[in-house]
Amino acid sequence: MVIDGRATLRTDGVVRSFGHGSRSHRAVDDVNLTVTNQTRLGIVGESGSGKSTLGLMLVGLERPTSGAVIYNGQDVQSLVKYRARRMLFRREVQMITQDTSSSFDPLRTLRDAVSRPAQQLAGLDRSSTRDRVDETVAMLGLDPSLADRYPQEVSGGQRQRFAIARALVVRPRFIVCDEVVSALDVSVQGQVLNQLKEYCTTHNTGLAFISHGLPATAFISNELLVMHQGKVVETGPTQRVIEAPEHPYTARLLAAYRQGNRTPEQEVGT
């Protein structure tokens, strides 16, 4: 699917509506974006802005009402329709969510959970899988021995990093993160953000980072997209949007965290 190491994930006027007739509501309204495997795109907006629905469409878990999500020239919905193509797509585009309490089987070790995609998607044998899991877990600042514990035997912050490891272990071309640090302590947020940022830079991996928190999003991204009521109200290089917002809603978001006179880096504890 990847040509010469380059990959592009984009949306073409995607709309996602819920309900019917007069009760219909557009959660995502005519959104166009492009992420390459060299882009770290921050998608920010308040709860209900449509950003999480957009994220689900990017990975093929939600079908657009109209428009399309395109991965390297192919419609994502056609890629996820059949198992063989879906497995190839999942190998290259991974999603990480905030809810780790329900995403791990309490009866299986964390090593089992992280090993499964390494074997099924990356095609690694048992020995290579163990090495890859240990390498990925250590890269995220965790002792590999923790992988032999059960999900309920580690802290929430550790479990979140195992969720990240489960996505990174297949060495994807793109990662879609939805509120992956919002439930973590500020000091842990900073560690995880730095680790994700370093991983994406080192492995030439594209990132769509979805959050209602502007500081964390601004810190990790090099492009910023601001959503409000399902629409994109502003987009551009992160530094430009932070320093000279063009839309009133973006300005209000900036004012909300600048009241404490803190920079995004200080806010996430880096």
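This is a predicted model: local features need pLDDT of at least 70, side-chain atom pairs count only at pLDDT 80 or more; totals for chains, interfaces and linings use all residues.
Trainee: Where is Pro117 placed?
Mentor: Pro117 sits in helix H4, residues 110-120.

Trainee: Why is Pro117 called buried?
Mentor: Its relative accessibility is 12%. Buried means under 20%. Pro117 therefore counts as buried.

Trainee: What is Pro117 in contact with, leaving aside its neighbours within four places in sequence?
Mentor: Pro117 touches Ala122, Arg166, Val169 and Val170. Contact here takes heavy atoms within 4.5 Å.

Trainee: How far apart are Pro117 and Ser24 in space?
Mentor: They are 37 Å apart, C-alpha to C-alpha. In sequence, 93 residues separate them.

Trainee: What describes two packed helices?
Mentor: The angle between their axes and the distance between the axes.

Trainee: Why is H4 called roughly parallel to H6?
Mentor: The axes of H4 and helix H6 (residues 156-168) cross at roughly 25 degrees and come within 7 Å. Angles under 35 degrees count as roughly parallel. So H4 is roughly parallel to H6. The crossing is right-handed.

Trainee: Which residues make that contact of H4 and H6?
Mentor: From H4, Leu110, Ala113, Val114 and Pro117. From H6, Phe162, Ala165 and Arg166. By class, six are nonpolar, none polar and one charged.

Trainee: Which residues make the contact of H5 and H6?
Mentor: Thr136, Val137 and Met139 of H5 meet Phe162, Ala165 and Leu168 of H6. Five are nonpolar, one is polar and none is charged.

Trainee: What is the order of the six strands in the open sheet?
Mentor: The order is E6-E7-E8-E3-E9-E10, with mixed pairing.

Trainee: What makes E6 and E10 edge strands?
Mentor: Strand E6 (93-97) and strand E10 (231-237) each pair on one side only.

Trainee: How do you know that E6 and E7 pair?
Mentor: Pairing takes at least two bridges. Five bridges join E6 to strand E7 (residues 174-178), so they pair. The two run parallel.

Notes:
Residues are numbered from 1 along each chain as its sequence is written. Side-chain values use heavy atoms; hydrogens and water are left out. Helices (H or I, at least four residues) and strands (E, at least two) are DSSP runs, numbered from the N terminus. Buried means under 20% relative accessible area, exposed over 50%, partly exposed in between (1.4 Å probe, protein chains only). Axes are lines fitted to C-alpha atoms, for helices over the stretch in contact, and angles run from 0 to 180 degrees between N-to-C directions. Angles under 35 degrees count as roughly parallel, over 145 as roughly antiparallel, 65 to 115 as roughly perpendicular and the rest as oblique. A crossing is left-handed if the near helix is turned anticlockwise from the far one by less than a right angle, and right-handed if clockwise. Ala, Val, Leu, Ile, Met, Phe, Trp, Tyr, Cys and Pro count as nonpolar, Asp, Glu, Lys and Arg as charged, and the others, Gly among them, as polar.
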